[in-house]
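Thank you all for coming; I would like to take a few minutes to walk through one model with you. Please have the sequence and the structure open while I talk.

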Amino acid sequence: MAYTKEIDKKWQRIWQDSNAFRVRVKDLKRPKYYCLVMFPYPSSELHVGHGRNYIIGDAVARYKRMRGYYVLSPMGWDAFGLPAENQAIKNNIHPREWTLRNIKKITSQLKSWGMSYDWEREITTCFPEYYRWTQWLFLQLYKKGLAYRKEAPVNWCRSCQTVLANEQVVEGKCERCSTEVLLKNLKQWFFKITDYSQRLLDDLGKLKNWPERVRLMQENWIGRSIGVSIKFPVDGLSQEIDCFTTRPDTIFGATFLALNFQHPAVSRIIDDSLQKEAILDFIEEVKKEEPLLSYNADFEKKGIFTGKYAVNPMTGKKIPIWVANYILSGYGTGAIMCVPAHDSRDFDFAKKYGLDISPVIEDPNQEQGTFEQLSQAYQGQGKLINSDDFNGLDSEAAKEKISDFMETKGIGIRQINFRLRDWLVSRQRYWGAPIPIVYCPDCGEVALDEGDLPVLLPEADKFLPTGRSPLADNEDFIHINCPKCGKEAQRETDTMDTFVDSSWYYLRYISPANNQVAFDSQDVNRWLPVDQYIGGVEHAILHLLYSRFITKFLADQKIIDFDEPFERLFTQGMIVKDGAKMSKSKGNVVAPDYIIDKYGADTMRLYILFIGPPQKEAIWQDEALQGSRRFLQRSLRLIDMLKSLREQSLEDLSSSAEKQLLRKIHLTIHEVTKDLEGDFQFNTAISRIMELVNQTYKSVSVGISKNTFFQAVDTVFLLLSPFTPHVSEEANSLLGNKESIFDRSWPEAKPEFLKKEEVEIGVLVNGKIKEKMKISLNCPKEEVEKNALSLPKIEKIISENSPKKVIYVKGKIVNIVI
């Protein structure tokens with residue numbers, strides 16, 4: 001028989017008509033397995049680069065089902081936000097129409113790939129039935145003081161005309177459109193994720209089944225550091241500047257202070273400065289720079305002297321106060337004690353502006369007496385010098401001693417800081433969930449009652465980005481009576497970022513049609529955490545961190561009884577073509593529709609899973625599809641051979657071939673199962689199945705029983721079924737099985753066939769290996785020694801020398817002593 005696309009359509013129709021993958025969450029008679037792939041932005045149709053994620057997830061779901069689990073595998077759409085809105089604007093169409101059109105297309109694509117989703121659980125975040133509960137979640141955070149509004153300098157994308165969270169700025173550019181990001185002061189809504197900094201960090205230890213690099217990325221982003229906040233009095237003013245440092249051992253080498261331009265002390269310090277205008281001009285210049293580029297080592301460091309001095313509290317010396325562009329506002333206090341001898345950025349700045357450089361840590365690699373002539377900063381540990389009573393202490397001891405001294409004298413206080421900033425959630429765009437807040441002249445900021453949800457996103461003809469929300473121009477939307485006093489008030493016109501929608505969607509899949517609650521807590525507690533989550537590593541910080549925060553918050557409110565959303569995480573590698581990640585802008589995408597039409601869905605599925613280790617980047621080669629196609633056709637021909645194979649007489653059978661094939665069957669089952677239970681090594685699993693197919697073909701020519709041949713063919717398609725479901729279902733039916741192959745059990749390897757019967761051992765002469773030979777493990781000692789001595793190469797070496805001794809170590813070596 002041959003594999004055709006008609007086989008795909010046949011089995012997709014059968015699965016759909018029989019509701020093969022429908023799950024009843026309250027009906028848990030088997031162990032549950034919640035397998036979830038990150039849901040897509042429906043901003044454009046899918047290409048094969050997207051397909052890797054979904055095909056991996058489907059293979060896992062189908063495998064687990066055959067292992068006896070009750071598998072939930074749902075699908076939905078991250079439908080709000082910039083990706084869909086920007087594409088809609090580009091194509092001159094309303095975001096809703098563009099989004100729904102793409103959802104229809106992508107749904108058709110996924111179904112044509114043979115995905116085993118429970119489509120009755122489909123969710124769409126831009127539908128009121130969903131975003132009503134996103135707004136409910138906002139209100140729960142608001143009630144607990146974790147959603148708040150403040151004026152703050154924020155990242156502003158001039159192209160998208162909206163604010164961006166820090167996590168959405170990559171190397172100073174918007175992650176969506178790559179436009180350089182500027183800072184802008186705006187009143188914005190934030191979620192207070194910083195209240196959870198320590199827990200988010202500590203609980204990374206619970207995530208044993210997450211990739212190490214993802215945990216490390218989150219750890220670095222949370223950025224916990226232990227240090228001292230030190231008070232530097234400003235000379236001539238009744239004011240102190242707090243500086244946080246993780247290196248109090250270097251305080252004696254602090255030769256200047258540098259402030260971020262947004263530091264609150266700047267305005268007072270420069271108020272009477274003769275350089276005030278120049279300083280203000282410099283600040284305006286710095287505002288135009290990309291804020292996060294200052295992380296780069298080669299970033300050009302610039303500054304201006306304020307005309308004022310601070311006093312180093314440990315030396316009593318006056319040190320100049322500068323405003324500098326490399327000082328970050330979002331970490332510590334936005335003011336840094338600068339130690340150029342022991343910090344490379346401070347060193348570059350001091351060299352540029354001729355500031356003092358005073359070494360206070362001895363560099364063990366530098367000659368004695370040359371510490372004053374520095375060509376670069378020494379940032380390591382060492383003995384203290386030029387540090388008064390603390391001279392001679394090593395760095396770690398000095399940190400503690402100096403911190404103790406500072407606390408005793410009231411100079412400083414030990415402190416823990418985090419790099420993590422509060423989550424900026426409001427956007428000045430149309431396509432998002434409205435924020436359920438109104439502003440009353442008398443009552444101020446007022447949250448809507450839960451009974452008033454959802455706040456519907458109104459229809460809008462004008463939604464092009466202008467720098468303010470398009471909702472601000474919708475008079476019907478804006479005007480509302482205050483929920484408290486009944487007087488005329490106005491709605492909030494910003495919308496929520498799409499990461500709020502995706503921070504809790506995995507909960508909604510459990511109760512997608514419930515219009516009374518966001519989710520049924522009892523059912524959610526039964527099905528979550530998600531057993532296996534699959535998606536791209538690019539979401540390691542934003543989506544995964546936000547989801548962890550929301551889960552912990554809901555657990556604190558006793559709404560759920562778990563505090564981590566995803567038990568296991570798998571991050572697949574990208575598929576690249578022509579040396580780059582697949583994207584329409586690069587013109588290197590491969591359309592799956594064409595492949596399916598020409599080769600069939602299972603050819604594409606098999607190739608994507610066989611292309612390489614799934615966690616690593618893989619190179620797409622169009623011509624390699626033919627190989628996957630040929631393998632499927634070759635596997636299906638085994639069924640034709642089985643039908644024509646006659647029962648052979650005992651004389652015609654080869655007991656050796658029978659044993660070898662049975663051993664290969666069970667060894668393949670064992671190894672493929674191991675590949676799928678570990679890190680999803682689909683490529684090696686498929687390779688092993690290919691070897692079984694090859695040996696099955698060879699076995700026919702030497703004579704095997706029809707029963708053993710049947711076992712081999714049946715095993716091939718059972719093992720292939722998670723990867724090539726359509727072909728496997730067809731083969732299963734042709735082999736006489738009335739039930740779906742996915743209602744059958746995964747094959748079990750029989751231990752007796754896994755034992756090694758033959759091994760290769762080394763033959764040594766006087767302890768040096770000279771030859772190798774294969775033996776049966778059951779072979780008697782005398783026969784092994786005799787066979788070793790009769791090997792031509794060994795006979796030549798021994799010649800006329802009679803062996804003094806022959807030592808046989810069972811299954812390992814024969815050592816001949818002459």
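This is a predicted model: local features need pLDDT of at least 70, side-chain atom pairs count only at pLDDT 80 or more; totals for chains, interfaces and linings use all residues.

The peptide bond that joins L453 to P454 is cis, with an omega of about 5°. A cis bond also leads from L528 to P529, where omega is again near 5°, and P529 belongs to the loop between α15 (521-527) and β24 (532-536). While we are on backbone geometry, I would also point you to D578, a residue other than glycine whose phi is positive, near 55°; D578 is placed in the loop between β26 (575-577) and β27 (580-581).

If you look for secondary structure around the largest cavity, α3 (82-90) and β23 (495-496) each contribute at least two residues to the lining.

Staying with α3, we can follow this helix to its packing against helix α4 (residues 95-112), where the angle is about 105° and the axes lie 8 Å apart. Because of that angle, α3 counts as roughly perpendicular to α4. On the α3 side the contact involves A84, E85, Q87 and A88, which meet P95, W98 and T99 of α4, and the residues of this contact comprise 4 nonpolar, 2 polar and 1 charged.

The last pair is helix α19 (residues 625-644) with helix α22 (residues 706-720), which pack at an angle of about 150° with their axes 10 Å apart. The two helices, α19 and α22, are therefore roughly antiparallel to each other, and their crossing is left-handed. From α19 the contact draws on F631, S635, L636, L638, I639, M641, L642 and K643, and from α22 on K706, F709, F710, V713, F717 and L720. Sorted by class, the contact of α19 with α22 contains 11 nonpolar residues, together with 1 polar and 2 charged ones.

How values were computed: Residues are numbered from 1 along each chain as its sequence is written. Side-chain values use heavy atoms; hydrogens and water are left out. Axes are lines fitted to C-alpha atoms, for helices over the stretch in contact, and angles run from 0 to 180 degrees between N-to-C directions. Helices (H or I, at least four residues) and strands (E, at least two) are DSSP runs, numbered from the N terminus. Angles under 35 degrees count as roughly parallel, over 145 as roughly antiparallel, 65 to 115 as roughly perpendicular and the rest as oblique. A crossing is left-handed if the near helix is turned anticlockwise from the far one by less than a right angle, and right-handed if clockwise. Contact means heavy atoms within 4.5 Å. Ala, Val, Leu, Ile, Met, Phe, Trp, Tyr, Cys and Pro count as nonpolar, Asp, Glu, Lys and Arg as charged, and the others, Gly among them, as polar.
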